[in-house]
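Subject: Structure handover

Hello,

Here is the structure I promised to pass on. Please open it alongside this email and follow along.

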Amino acid sequence: MPLLYRFSAALFCALLLVRHCHAQTVSVADAGVRPDTYENVTARIQKIIDDAIRTGKTSLTFEKGRYDFWPDGAIREKYFISNTSTEKEDSLKIRTVGMLFRNARNLTIEGNGALFVFHGKMTTIVLERCENVKLQNIHVDFERPTMSEMRYANVSNGEVELDIQRDARYAIRDGRLEWFGEGWKTTHFHAVEFDTTLKTMRYSDWKPFLNAQATEIRPGRVLFKTNITPKPGNILTVRDIIRDQVGMHIRECKNVTLEDVGMHYMHGLGIVSQYTENITMRRVTCAPRPETGRIIASSADFMHFSGCRGKVTVEDCRFSGAHDDPINVHGTNLRIVERPGVNTLKVRFMHGQSYGFNAFFPGDTVAFVHSASMERFANGLVKSVNRLNDRELLLIFEKPVPTALEPHDCVENMTWTPEVLIRRNHFTRTNTRGVLLTTPRKAVIENNIFFRTGMSAVLIEADAEGWYESGPVRNVTIRNNEFIDCAYQGGPGNAVIAINPSNKVVDVKKPVHFNICIEGNTFKTFDYPVLYAKSTQGLIFSNNQVIRTQELTPQSGNHNMLWFNGCSGVEVSGLKLEGEVLGKNIRLENMPKSSLKVSGSPKLIFN
């Protein structure tokens, strides 16, 4: 074959490939939507999305720049979302969706660094029943976040002057300050204070200002008549407690990736992934944009994984400025309320803010759980699911349900539980935990930095009494992390790592959690507690280092470095202590000393 012919044929094939790739890509610019117009693009972008999904496009691209999304023209959908609101707080469950991707397949949304600015109260993005979808190189923020931030400027003689952050909007009516935004007003107040010197976050209170006489000295500075004496320079952050929207919702999807995404403010709750298989969060920044001068990026959690399966991966992410937990991974226990037949159970969503969503599917394997002991004592296979109302379901099983059921026992969906990998992330500026984790599958938390989380940096619970967040773990590794001055305002026993299931019956012969390995970590801590563990069998605490720090003041009533309650098969080895470490002791409760083996460590006192 002549060389020229072969070259022409190759060129022709290449041109066909380019043409095919171009045909599979849709650009919002080509559809007439340009950045930096400050116009409402909501309806036009939604039409482009719908057309792209309908025609099987594989790439949806944005030019770099700013795009504004308003509630006008947005899709409004009813979604029951885990851990959001009660019937009283939000009876309708209508979400105002900026961008809805429904039934998308093999689609990449390429932002090229675009900034999506939302107005009012909105759920920014929803992925519903999608598969193989990737969001990359986008930034999400709000023109007026529902968080109001202010700095204590002057404090003296029964007066407090506040410098109000420039994105917050307020009005003074009849001498009282009111917070408002684009179509909303704050009426249910929750406050957290940031110490700008110590870099700590603590619960605070808006009540001293709620009815105090307010006078505007100049735009952005307000004087209050009040007798409180806050620390000048600290920042008070105030929000409404009602979770009527979420930051992003990933719902009953498969193979979803967020990569190089910035979530700079989220209202209500953060990125809520619900009954989704295989989720990767890679280089996701949950923090305010530096140029805004704000310090808070979510009014609750950053990433919330409820009833997911496959693998959840969170890597190389940065979390700064959450009013609740940066990462929470769990399932949902439903309480058994009636046994209408030998193979039938009526079950109920118990927590006020988690109900109404699809918690079981035909073919799912479930565990029957004794609520008092948190013991999974039998399994079942779901044949059918009948939704009775928003709170109750009728589950029909392939075989008769156990006769050993007790009052308040629960059903846990074992099929929808994920393997979890959380690595190389940075956690800071939160008044609660860093990671909450409950899954029976393999979980690894490694090479992360936890800087001054207000409560336990890592909390493993499993409960059938409070939030009903399932369930007992079977294989968790926490290794090579750095914990810096965590748990200064709470957590079980103020422990940096806490393993605290809700079982009321603590019996060393009836463990809840199994096989937890905590190894190679560095605990830089100002206080006594490092680890609290309850009802765990097979707990390894090896080759960890505890270093005393001095910037924060010890304050915990728990003066135990290591506290084991009802545990067995516990090994403590290779412990290294540096500086004037407090405690240097071990407390045992509801367990014999023979359940613990200590080796290769400094001498520790037993309490």
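Cys410 counts as buried, because its relative accessibility is 0%, and the cut-off for buried is under 20%. Keep in mind that this is a predicted model.

Cys410 is in none, and the nearest cysteine sulfur, in Cys308, is 20 Å away. The cut-off is 2.5 Å. Cys308 is also buried, at 1% relative accessibility.

**Confidence**

The chain has an average pLDDT of 95. At least 70 is the score for 96% of the residues. Where is confidence lowest? In helix α1, residues 3–23, with a mean of 50. Strand β40, residues 482–484, has the highest, at 99. Within residues 13–21 the pLDDT falls below 50, and this stretch has zero contacts in the model beyond near neighbours in sequence. Where pLDDT is low, the predicted coordinates should not be read in detail.

**Salt bridges**

Side chains of opposite charge can pair when their charged atoms come close. There are 46 salt bridges in the structure.

- Arg66 pairs with Glu143, with the closest N and O atoms 2.8 Å apart. Arg66 sits in strand β3, and Glu143 in the loop between β8 and β9, 77 residues apart. Arg66 is buried at 17% relative accessibility, while Glu143 is partly exposed at 29%.
- Arg102 meets Glu77 at 3.2 Å, N to O. Arg102 is in strand β5 and Glu77 in strand β4, so the pair ties together parts 25 residues apart in sequence. Arg102 is partly exposed, at 28%. Glu77 is partly exposed too, at 23%.
- Arg452 meets Glu551 at 2.8 Å, N to O. This pair links strand β36, which holds Arg452, to the loop between β46 and β47, which holds Glu551. The two residues are 99 apart. Arg452 is buried, at 4% relative accessible area. Glu551 is partly exposed, at 46%.

Some bridges share partners. Together they join Lys134, Glu259, Asp260, Arg282, Arg283, Glu315, Asp316, Arg423 and Arg424 into one network.

Best wishes

Technical notes. Residues numbered from 1 in each chain as written. Predicted model: local features only at pLDDT ≥ 70, side-chain atom pairs only at ≥ 80, totals over all residues. Heavy atoms only, no water. pLDDT = per-residue confidence, 0-100. Helix = DSSP H or I, 4+ residues; strand = E, 2+ residues; numbered from the N terminus. Contact = heavy atoms within 4.5 Å. Buried < 20%, exposed > 50% of the residue type's maximum accessible area, 1.4 Å probe, protein only. Salt bridge = Lys/Arg side-chain N within 4 Å of Asp/Glu carboxyl O.
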